[in-house]
Amino acid sequence: MAVVDKRLYKEVGTRVYNLRTKSGLSRQYLADQMQISAKFLYEIENGRKGFTVQVLNNLATIFGTSCDYLVRGEEATKAAEPQKAPEPVKAPEPPKKPESNLDKALKLYNVEEQDMIAIILRAVYSGRKRAEKKSSPEEE
């Protein structure tokens, strides 16, 4: 009896592998859809592991075939198109930051950032100097 089971597992595994590759599905994607590990799916495909009726039914549903086809190799009477792997989803671009006043000034005056910072610092420093002169008592 054990010899028959191993042969059956190997035949089912071969059918699963053929359906998966024909459908263009990766082993990881199919395993994720079935909520099993990719390693377990690999072992099913290679006839090394048995499987539950639920796993068999999930495989049949995903591939649009019957459990009879997976187990006995008989064509399903109601075969639908196998699922295709979805197109990869592109990550949305991060939102652009609004342009700062410094960036606007750099563009307006066509200068490098370091030069603009130096200009701003000189203006602030000279403004403080003027403010200090105005606030200090004048010496007569």
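Tutor: Happy to! Helices here are DSSP runs (H or I, at least four residues), numbered from the N terminus, as are strands (E, at least two). Let's take helix H3, which covers residues 38-45. Please keep in mind that this is a predicted model, in which local features need pLDDT of at least 70 and side-chain atom pairs count only at pLDDT 80 or more, while totals for chains, interfaces and linings use all residues. Residues are numbered from 1 along each chain as its sequence is written, and side-chain values use heavy atoms, with hydrogens and water left out.

Confidence comes as pLDDT, the predictor's own score for each residue, from 0 to 100. The protein has a mean pLDDT of 80, with 85% of its residues at 70 or more. Within the protein, H3 has the highest confidence, at 93, and helix H6 (residues 101-109) the lowest, at a mean of 74.

Now for the side chains. Buried means under 20% relative accessible area, exposed means over 50%, and partly exposed is in between (1.4 Å probe, protein chains only). In H3, the buried residues are Ala38, Leu41, Glu43, Ile44 and Glu45. Just after the helix, Gly47 has a positive phi of about 70°.

A salt bridge here is a side-chain nitrogen of Lys or Arg within 4 Å of a carboxyl oxygen of Asp or Glu. The structure holds two of these. In one, Glu45 pairs with Arg20, and the closest N and O atoms are 2.6 Å apart. This pair links distant parts of the chain, with Glu45 in H3 and Arg20 in helix H1 (residues 2-23), 25 residues apart. Both Glu45 and Arg20 are buried.

Glu45 also forms a salt bridge with Arg27, where the closest N and O atoms are 2.8 Å apart. Because Arg27 lies in helix H2 (residues 27-34) and Glu45 in H3, this pair ties together parts that are 18 residues apart in sequence. As for accessibility, Arg27 counts as partly exposed because its relative value is 25%, and Glu45 counts as buried because its relative value is 4%. Through shared partners, the salt bridges join Arg20, Arg27 and Glu45 into one network.
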